[in-house]
Amino acid sequence: MAGVWLCQNLYEAYDFNKDKEYLRKIWPALTGAAKLCLGLMDENEEGKLVVSPATSPENCFLTEDGWKSVSYYSAMNQALAMDVFDNVLAGAKDLGIHDELVRRIAEARPRLAPIALNERGAAGVRFENGAELRLEYAGEALAMMITVPAADDSGTVRRVLMAAHPDAR
């Protein structure tokens, strides 16, 4: 998913300058990232789409069975998929592209599972049983930040800053 994350910067440069020639140049990277996300989609028990599986090589999660670095899906991967889908749809509109890939993305985007916030307002990792597990860090951890659309208990969607850092426990 690192490539999907990097595409966020490519699109933000376009969004800032609105240079359609630049957008055409980065279009293969954006659509390639969106294709990757589509290929990793799985329908969960609620009929929503999640990017699965999710791995976190820089973090391990303490479970009843010990340390794990793979989960069914993660808030980060969901946020990245939402972002690249939104960027491809916006870019397609600006370029006048209405192909099969854009149609598939437009159909998948509203079906993506939302990023739920816990009672502390934090997004987390969800495992197969739906339990949210506290992050425990093993070894070196990578600090990462991304803004994500998230819903609170009332269903209100807002953009929040999601960060993972060893000191953010």
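This is a predicted model: local features need pLDDT of at least 70, side-chain atom pairs count only at pLDDT 80 or more; totals for chains, interfaces and linings use all residues.
Which residues of α4 are buried? Residues are numbered from 1 along each chain as its sequence is written, and side-chain values use heavy atoms, with hydrogens and water left out.

**View 1. The buried residues of helix α4.** L101, V102, I105 and A108 are the buried residues of α4, where buried means under 20% relative accessible area, exposed over 50% and partly exposed in between (1.4 Å probe, protein chains only). Seen down the axis of α4, these residues fall within an arc of 130 degrees, so they line one face of the helix; the arc is that of the directions from the helix axis to the C-beta atoms. Their cover includes α2, β2 and α3. Helices (H or I, at least four residues) and strands (E, at least two) are DSSP runs, numbered from the N terminus. At the start of α4, a side-chain oxygen of D99 comes within 3.3 Å of the backbone nitrogen of L101.

**View 2. The largest nonpolar core.** This core, a set of buried Ala, Val, Leu, Ile, Met, Phe, Trp, Tyr and Cys residues joined through side-chain atoms within 4.5 Å, has 32 residues, of which L23, L30, M41, V84 and F85 touch the most other members. Two or more residues come from each of α1, α2 (20–39), β2 (49–51), α3 (75–95) and α4 (100–108). The largest share, 11 residues, is that of α3. Leaving aside neighbours within four places in sequence, V84 is in contact (heavy atoms within 4.5 Å) with V4, L30, A33, A34 and C37.

**View 3. The aromatic pair Y11 and Y14.** The structure holds one aromatic pair. The rings of Y11 and Y14 are tilted, at 5.5 Å centre to centre and 55 degrees between the planes. Rings of Phe, Tyr and Trp (its six-membered ring) pair if their centres lie within 6.5 Å; planes under 30 degrees apart count as stacked, over 60 as edge-to-face and the rest as tilted. Both tyrosines lie in helix α1 (residues 2–17), three residues apart, about one turn of the helix. Y11 and Y14 are both buried.

View 4. C7 counts as buried at 6% relative accessibility, and C37 is buried with a relative accessible area of 0%.

How values were computed: A polar contact is a pair of N or O atoms within 3.5 Å; within protein, one must be able to donate a hydrogen and the other to accept it, and residues adjacent in sequence count only if both atoms are side-chain atoms.
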